[in-house]
Amino acid sequence: MVTHVRVKHESDDVYNVETDSESDDIDVEKLQPLAPKFASLSKFPVGCKVWYNLRCSTETKHFQAKSAHVEKVSIHFENGRRVYTVKSETSSEHKTSLYEDQLVYAISCPVKVTKIDADETKNETLDGVVVYLERQKGSDGRQQVTYAVQYSVENYITIESGVTADRIKYMAEDCGMGVNRGESSISINTQK
């Protein structure tokens, strides 16, 4: 299963992705907050550090995003979609509500990654951490975000790139909430 993430279209964005992740108006009156037990089963549980409003410009060749952490998980009772209330991690902190496909795991976010053998069978789950994100075209031609995840195998540190979102799950022990909670100006060079 491939998770498509919406990435803002910049006028010079070579990827031609169509929408801004903050453009959907979500009527908060139509949200039903999830109980803590069910919220903890979400892709991005409360406390998870996330990025949103992803952008890529051909001028700078950088991947840019806003950094936040999840404060509440709800279900939109009209469309059944999961909605996350996130608090930005900038000097002018604010809250916004976003759909799941508008969020990605932030760098340094601890995750469980399912390792895939050479014969493409999933075999074990390992503790890891998100190292960086990449944006690439999926098999259906649509843009998708994949992750590079660091984990240990047989006393070696491994960094696996191209990890799809369906292979990783947030690991709740620590998501960097105590580190650098100040202003965030993160950009990733996507030039190859």
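# Buried serine, aromatic pairs and a nonpolar core

Guide: Leaving aside neighbours within four places in sequence, S42 touches L34, V73, R82, Y84 and K169 in this chain. The model is a predicted one.

Visitor: Where does S42 lie?

Guide: S42 sits in the loop that runs between helix 1 (36-39) and strand 2 (49-56).

Visitor: Why is S42 called buried?

Guide: The relative accessible area of S42 is 0%. Buried means under 20%, so S42 counts as buried, with its value of 0%.

Visitor: What makes the pair of F44 and Y84 edge-to-face?

Guide: Two values decide this. The ring centres of F44 and Y84 are 5.6 Å apart, and rings pair if their centres lie within 6.5 Å. The planes stand at 80°, and planes over 60 degrees apart count as edge-to-face. The pair is therefore edge-to-face.

Visitor: Which parts of the chain does this pair link?

Guide: The pair links distant parts: F44 belongs to the loop between helix 1 and strand 2, Y84 to strand 4, and 40 residues separate them.

Visitor: How do you know whether F44 and Y84 are buried or exposed?

Guide: F44 has a relative accessible area of 0%, and Y84 has a relative accessibility of 0%. The limit for buried is under 20%, so F44 is buried and so is Y84.

Visitor: Which residues do ring pairs link into a cluster?

Guide: The cluster consists of F44, Y84, Y105 and Y147. The count of aromatic pairs in the model is three.

Visitor: Which residues have the most contacts inside the largest nonpolar core?

Guide: They are V86, Y105 and Y147, in a core of 34 residues. Several strands each supply at least two residues of this core, among them strand 4 (82-88), strand 6 (103-105) and strand 9 (143-153). Beyond four places in sequence, the contacts of Y147 include V104, Y105, V130 and I168.

Visitor: What makes R81 a charge over the ring of Y99?

Guide: R81 lies over the face of Y99, at 3.6 Å from the ring centre.

Definitions and conventions
Residues are numbered from 1 along each chain as its sequence is written. This is a predicted model: local features need pLDDT of at least 70, side-chain atom pairs count only at pLDDT 80 or more; totals for chains, interfaces and linings use all residues. Side-chain values use heavy atoms; hydrogens and water are left out. Helices (H or I, at least four residues) and strands (E, at least two) are DSSP runs, numbered from the N terminus. Buried means under 20% relative accessible area, exposed over 50%, partly exposed in between (1.4 Å probe, protein chains only). Contact means heavy atoms within 4.5 Å. A nonpolar core is a set of buried Ala, Val, Leu, Ile, Met, Phe, Trp, Tyr and Cys residues joined through side-chain atoms within 4.5 Å. Rings of Phe, Tyr and Trp (its six-membered ring) pair if their centres lie within 6.5 Å; planes under 30 degrees apart count as stacked, over 60 as edge-to-face and the rest as tilted. A charge sits over a ring if NZ of Lys or CZ of Arg is within 6 Å of the ring centre and within 35 degrees of the ring normal.
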